[in-house]
Amino acid sequence: MRITQGAFSFLPDLTDEQIEAQIRYCLEQGWAMSIEYTDDPHPRNSYWELWGLPQFDLAPEESGVVMGDMRACREANPECYVKVIAYDPTHGRQTTGLSFIVSRPSNEPGFRLDRTDAHDRTQRYSLY
């Protein structure tokens, strides 16, 4: 089962050239960039591990800096999910402008989430 989170998740994996084009777009918008990774891609796990520090005030020509961090994260965590996140500060707070997965483990077992409604309308979830 292919995990579908973030932009482009229903498309085939992006090439490094396509990833760099998206990073350049984000930098042209003035967005801060960060790289995160996890071995638990459950939708409720919104706190992935941060790789390095977020990168602020990079020019579009410096997309190679983000690409270098992304490649280093991929190399250090080959069996994890890796994503690029761009934060849009225009609303006075760090809002995610774009995020997308750039690396996946060789085996994606996926998960199934079953919801059960109890008599008191409480919802209970089970993972399989």
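Biologist: Which residues does methionine 33 touch, not counting residues up to four places away in sequence?

Modeller: A contact means heavy atoms within 4.5 Å. In this predicted model, local features need pLDDT of at least 70 and side-chain atom pairs count only at pLDDT 80 or more, whereas totals for chains, interfaces and linings use all residues. Residues are numbered from 1 along each chain as its sequence is written, and side-chain values use heavy atoms, with hydrogens and water left out. With residues up to four places away in sequence set aside, methionine 33 touches Ile23, Cys26, Leu27, Pro54, Gln55, Val66, Val84, Ile85 and Ala86.

Biologist: Which residues of the largest nonpolar core touch the most other members?

Modeller: In soluble globular proteins, nonpolar side chains tend to be buried together. A nonpolar core is a set of buried Ala, Val, Leu, Ile, Met, Phe, Trp, Tyr and Cys residues joined through side-chain atoms within 4.5 Å. Buried means under 20% relative accessible area, exposed over 50%, and partly exposed in between, with a 1.4 Å probe and protein chains only. The largest core here has 20 residues, and Ile19, Ile23, Met33, Ile35, Met70, Val84 and Val102 touch the most other members. Two or more residues of this core come from each of α1, β1 (32–38), α2 (63–76), β3 (81–88) and β4 (95–103).

Biologist: How many helices and strands does the protein have?

Modeller: Helices (H or I, at least four residues) and strands (E, at least two) are DSSP runs, numbered from the N terminus. The protein has two helices and six strands, in the order α-β-β-α-β-β-β-β from the N terminus.

Biologist: Where is glutamine 55 placed, and is glutamine 55 buried or exposed?

Modeller: Glutamine 55 belongs to strand β2 (residues 49–55), and its relative accessibility of 13% makes it buried. A polar contact is a pair of N or O atoms within 3.5 Å; within protein, one must be able to donate a hydrogen and the other to accept it, and residues adjacent in sequence count only if both atoms are side-chain atoms. The side chain of glutamine 55 makes such a contact with the side chain of aspartate 69, at 2.3 Å.

Biologist: How many aromatic pairs does the structure hold?

Modeller: A pair of aromatic rings is described by the distance of the centres and the angle of the planes. Rings of Phe, Tyr and Trp (its six-membered ring) pair if their centres lie within 6.5 Å; planes under 30 degrees apart count as stacked, over 60 as edge-to-face and the rest as tilted. The structure holds three aromatic pairs. One of them joins tyrosine 25 and tryptophan 31, whose ring centres are 6.0 Å apart with planes at 90°, so the pair is edge-to-face. Tyrosine 25 is partly exposed at 39%, whereas tryptophan 31 is buried at 13%. The rings of tyrosine 37 and tryptophan 51 are also edge-to-face, because their centres are 6.1 Å apart and their planes at 75°. This pair links distant parts of the chain, with tyrosine 37 in strand β1 and tryptophan 51 in strand β2, 14 residues apart.
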